[in-house]
Protein chains: 2
Amino acid sequence: MRISELSRRSAVPITTIKHYLREGLLPPGRATSATQAEYGEPHLRRLRLVRALIGVRGLSVGTTKELLHAVSENKTDTHQLLGLVLGARPATEPGPDAASEAGTTAPGSGDTDALLSEMGWSVSEHAPARHVITETLETLRSLGLDYDWRSLLPYAALAEQTATLDLDQLTDTADPLERAERAVLLTVLLEPALLALRRLAQEDESAKRYGA
Amino acid sequence: MRISELSRRSAVPITTIKHYLREGLLPPGRATSATQAEYGEPHLRRLRLVRALIGVRGLSVGTTKELLHAVSENKTDTHQLLGLVLGARPATEPGPDAASEAGTTAPGSGDTDALLSEMGWSVSEHAPARHVITETLETLRSLGLDYDWRSLLPYAALAEQTATLDLDQLTDTADPLERAERAVLLTVLLEPALLALRRLAQEDESAKRYGA
């Protein structure tokens, strides 16, 4: 299909598609003349994925590029691929601070280490998610709440069950690239829905406890 | 204390504190002269809360104002208050579209209704979290994934257990205003940590299944 049809079918403006092509977020089409190219169904699908990651999840162009690059480069090793996918953090999340990037231990990370050790989880030293937990604990404490890392243990146990559900959903595709794409979708795009479910469940639980 | 000490103890610049005072995010101090005012510990605590909501969670000044207003106006009815707190949505979440704001049914919301009905949850018609679930299902489908609302049922069951943990943490404070503040902290500020726990658990589960 021409770029105009790609634009129509994806509801992405032509100028945006050209921007994605320049940024390497979308592979080039098959040149049919000096100024025209032909695009296929894989382009449409990739374009929708890019739109979902940038438009819906608010990832930066740079993070999206890294993530897609990781997906296409690691077709064989599912564990390594998932690690890269899970390590990609949304642009809105707080990043690791300079200290942890320099390889030194961030203040307060001992609590996160204790939590991971108690759960028996095997995760990489540099997973950005570690820092998110450390930072959350510090924020709650700076607000005067006596919040212990042990309070997160029951949440961690539920996260374990959630992760089992997540990975079960990846097993029904044999193609590694498709599995990687599903992993991106189900880890990154499901996040807002999981938080939404928690809020709705809170409202229901609140109605049961305190409702008239 | 003077505004300079408030700034020092909160690590918030004086110009930012003045901005929060003008926006009504922070109540005025007790005037001691035409140009000076005295602030107390409640100001410091409120200032830290505002910083956490805006700086850590990325809420807009407007959403933060609404949320704090709701907290201070509803000291007595815990359920109503929690509803307001849970209804406040981060600036980064997709808002309800024009159609649902006008009171008509958003396309695709039937699936979300079915999910809530299957769970037996009692939640308000206009909870923004409903829309988030509808939008997620639509995004996944637009990407060519055959994703049924029933796939969310086991996640909803885990969300129910999470909500029970959440509300259990509110019961150890009798003061309604303090309980409201805790509700804000534990619903809004815990969100990134819960997603981080899921990612770490996914990495661990991935290592168990696919690791060398």
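This is a predicted model: local features need pLDDT of at least 70, side-chain atom pairs count only at pLDDT 80 or more; totals for chains, interfaces and linings use all residues.
**Exercise 1.** Describe the interface of chain B and chain A by residues, area and class.

*Solution.* 
1. Chain B contributes 78 residues to the contact, and chain A contributes 78 residues.
2. About 7600 Å² is buried between the two chains, and carbon and sulfur atoms give 69% of that area.
3. Across the interface there are 19 residue pairs in polar contact.
4. On chain B, several helices each supply at least two residues to the side that touches chain A, including α3 (41–56), α9 (153–168) and α11 (191–210).
5. The most comes from α11(B), with 19 residues.
6. By class, this side of chain B has 44 nonpolar, 18 polar and 16 charged residues.

**Exercise 2.** Determine where the salt bridge of D166(B) and R198(A) lies and whether its partners are buried or exposed.

*Solution.* 
1. The closest N and O atoms of D166(B) and R198(A) are 2.8 Å apart.
2. D166(B) is in helix α9 of chain B and R198(A) is in helix α11 of chain A, so the pair joins two chains.
3. Both D166(B) and R198(A) are buried.
4. Six salt bridges are found across the interface of chain B and chain A.

**Exercise 3.** Trace the salt bridges of R209(B).

*Solution.* 
1. Within chain B, R209(B) meets E205(B) at 2.8 Å, N to O.
2. These residues are four apart in helix α11 of chain B, about one turn.
3. E205(B) has 14% relative accessibility, under the 20% limit, so E205(B) counts as buried.
4. R209(B), at 29%, counts as partly exposed.
5. R209(B) also forms a salt bridge with D168(A), with closest N and O atoms 2.9 Å apart.

Key. Residues are numbered from 1 along each chain as its sequence is written. Chains are lettered from A and ligands numbered from 1 in the order in which they are written. Side-chain values use heavy atoms; hydrogens and water are left out. Contact means heavy atoms within 4.5 Å. Buried area is the accessible area (1.4 Å probe) that two parts lose on being put together, summed over both. A salt bridge is a side-chain nitrogen of Lys or Arg within 4 Å of a carboxyl oxygen of Asp or Glu. A polar contact is a pair of N or O atoms within 3.5 Å; within protein, one must be able to donate a hydrogen and the other to accept it, and residues adjacent in sequence count only if both atoms are side-chain atoms. Ala, Val, Leu, Ile, Met, Phe, Trp, Tyr, Cys and Pro count as nonpolar, Asp, Glu, Lys and Arg as charged, and the others, Gly among them, as polar. Buried means under 20% relative accessible area, exposed over 50%, partly exposed in between (1.4 Å probe, protein chains only).
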